[in-house]
Structure formats: C-alpha cells, structure tokens
Amino acid sequence: MGMKKKHRFILLIGLLFPAVLGAGDKRNIPMELFLIIDGSSTLKNVQPAIVRWLNEQVVDRILQEGDRLTIWLAAETGEVIFSETLKGTGDKARIKRVLQSLPFQGGTANFAGAIRDATARVQQSRSMVYTLLISGSTTGRSPSLGGDAVGLLRFTRVEEFSGWRAMVIGLGLTARVQQAAAAYMQGDR
C-alpha cells in the first residue's frame, strides 16, 4: 500500500471512529460529544450499570476541559437536557449528577428527533464530533429508528450489554467517506 493510500485509510478510520486515533494520547483538539439516551422506562432496571459505564468510559476517560457535551433524552420527543463546554473539574461532577438523575418517562423512545438535531449540529460544527446513543433495546433497532432515521445510522458501531446497548454513530460522514473512498481509488495506481 502506497504512503498516500495508507494516509487516506487512516483518515477514513479516524472519521468513522475518532476516539481510536487518540486512544493512547491526550487530545489537544476540543471535541463535541453528543450523547443520546433512551428516555423510555426500558432502562429503569439497568440505569445503575449505564450510569457507571458512562461515568467511567465517557465522563472520566474521554471528556476533557474544552470539550462540549450535549445530552438528549429520547422519550416521546427528543429534548436536550444538558449542553455545556467543560471548563473545570467541577463540570464532570455536575455531568455525573445529571446522568444519575435521568428521568425515564415510560412510553417509547423517539430517537429520530434527537438524531436529526444532532446531525444538523454535526454539519455546523467545526470540532471533532463523537456521537453516542444509549438504547434499552438489545433485540434490534427500536421501531422509533425506522424510516429515514435508519439512513442516519449508516456508520454505526454497537457494543451490547445486558439489557442495553451503546452505539457509536458516525453522523454526517456519508460525503466525507465517499470523498475519501474516491480519492483512495484514484490515487497510487
């Protein structure tokens, strides 16, 4: 593989899963983390496990000062319940309190509205964006992800847990992936 192709391949992986590139090193570029959480009652029994995982893997491990976190609660409608830029260590404690007090409202989770809102924000953002969706359904995608919302989940990585799943979503990547693939196919022949 030529050097140009190798760099394009690394760029493609970085676009799909930006955390992979900086996993071992401290980032010096701020990022926006979009967290979309199933607001239905399906998560009530597993809330402690979800909060523990989010605190350990996302708040403590990924987020750092200068990053912006936006949390949507996907219940009957997808509403933003938290959106701030981290300025100090007290912000992480506040985020943990927000996660601990999530109000699971019953009914069905409507992810489509939150995903569309997040997609619009991705397209406006100049930062690196990481989108994580927490769903109570481990038996396939929720019916609320049907229709055009399924196309928004084209670049997704799923991690299954007992009673819930975490999905890393590459929102707004279709054009970038197509450009990288076209450049890859045209280069170093």
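By salt bridge I mean a side-chain nitrogen of Lys or Arg within 4 Å of a carboxyl oxygen of Asp or Glu. And helices here are DSSP runs of H or I with at least four residues, strands are runs of E with at least two, both numbered from the N terminus.

Before I go on, some housekeeping. This is a predicted model, so local features need pLDDT of at least 70 and side-chain atom pairs count only at pLDDT 80 or more, while totals for chains, interfaces and linings use all residues. Residues are numbered from 1 along each chain as its sequence is written, and side-chain values use heavy atoms, with hydrogens and water left out.

Back to Arg-94. What else does Arg-94 form a salt bridge with? That would be Glu-84, with the closest N and O atoms 2.0 Å apart. This pair links distant parts of the chain, since Arg-94 is in H4 and Glu-84 is in strand S3 (residues 78-85), ten residues apart.

Arg-94 has 27%, so it counts as partly exposed, and Glu-84 is partly exposed at 31%. The cut-offs there: buried is under 20% relative accessible area, exposed is over 50%, and partly exposed is in between, with a 1.4 Å probe and protein chains only.

In total the structure holds four salt bridges. Another one of them pairs Asp-60 with Lys-96, the closest N and O atoms being 2.8 Å apart. Asp-60 is in helix H3 (residues 47-60) and Lys-96 is in H4 (residues 89-100), so this pair ties together parts that are 36 residues apart in sequence. Asp-60 is partly exposed because its relative accessibility is 41%, and Lys-96, at 27%, is partly exposed too.

Now, the overall layout. The protein chain has seven helices and six strands, and along the sequence they follow the pattern α-α-β-α-β-β-α-α-β-α-β-β-α. Of the 189 residues, 44% are buried. If you take contacts with a separation of 6 or more, residues 24 or more positions apart account for 75% of them; contact means heavy atoms within 4.5 Å.

On to the inside. Which residues touch the most other members of the largest nonpolar core? Out of 30 residues, they are Leu-35, Ile-37, Leu-54, Leu-69, Leu-99, Leu-132 and Ile-134. Strand S1 (31-38), H3, S2, H4, strand S4 (128-135) and strand S6 (164-169) each supply at least two residues of this core, and the largest share, six residues, comes from H3. A nonpolar core, for the record, is a set of buried Ala, Val, Leu, Ile, Met, Phe, Trp, Tyr and Cys residues joined through side-chain atoms within 4.5 Å. Take Leu-35: beyond four places in sequence, Leu-35 touches several residues, including Leu-54, Leu-69, Trp-72, Leu-99, Leu-132 and Ile-134. There's also a second, separate core of 14 residues, which includes Trp-72, Ala-74, Ala-109 and Ala-118.

Let me stay with Ala-74. You'll find Ala-74 in strand S2 (residues 68-74), and Ala-74 counts as buried because its relative accessibility is 0%. Ala-74 and Asn-110 are 36 residues apart in sequence, yet their C-alpha atoms are 5.2 Å apart in space. Among the residues that Ala-74 touches beyond four places in sequence are Ile-36, Ile-37, Ala-109, Asn-110 and Phe-111.

What does S2 pair with? S2 pairs with S3 in the antiparallel sense, over seven bridges; two strands count as paired if DSSP finds at least two bridges between them. A hairpin of three residues joins S2 to S3, and the bridge partner of Arg-68 in S3 is Thr-85.

Last, confidence. pLDDT is the predictor's confidence in each residue, from 0 to 100. The chain averages 75, and 65% of the residues score at least 70. Residues 139-144 stay under 50, with eleven contacts beyond four places in sequence in the model. Residues 146-150 also stay under 50, and there the model has five such contacts. Where pLDDT is low, the predicted coordinates should not be read in detail.
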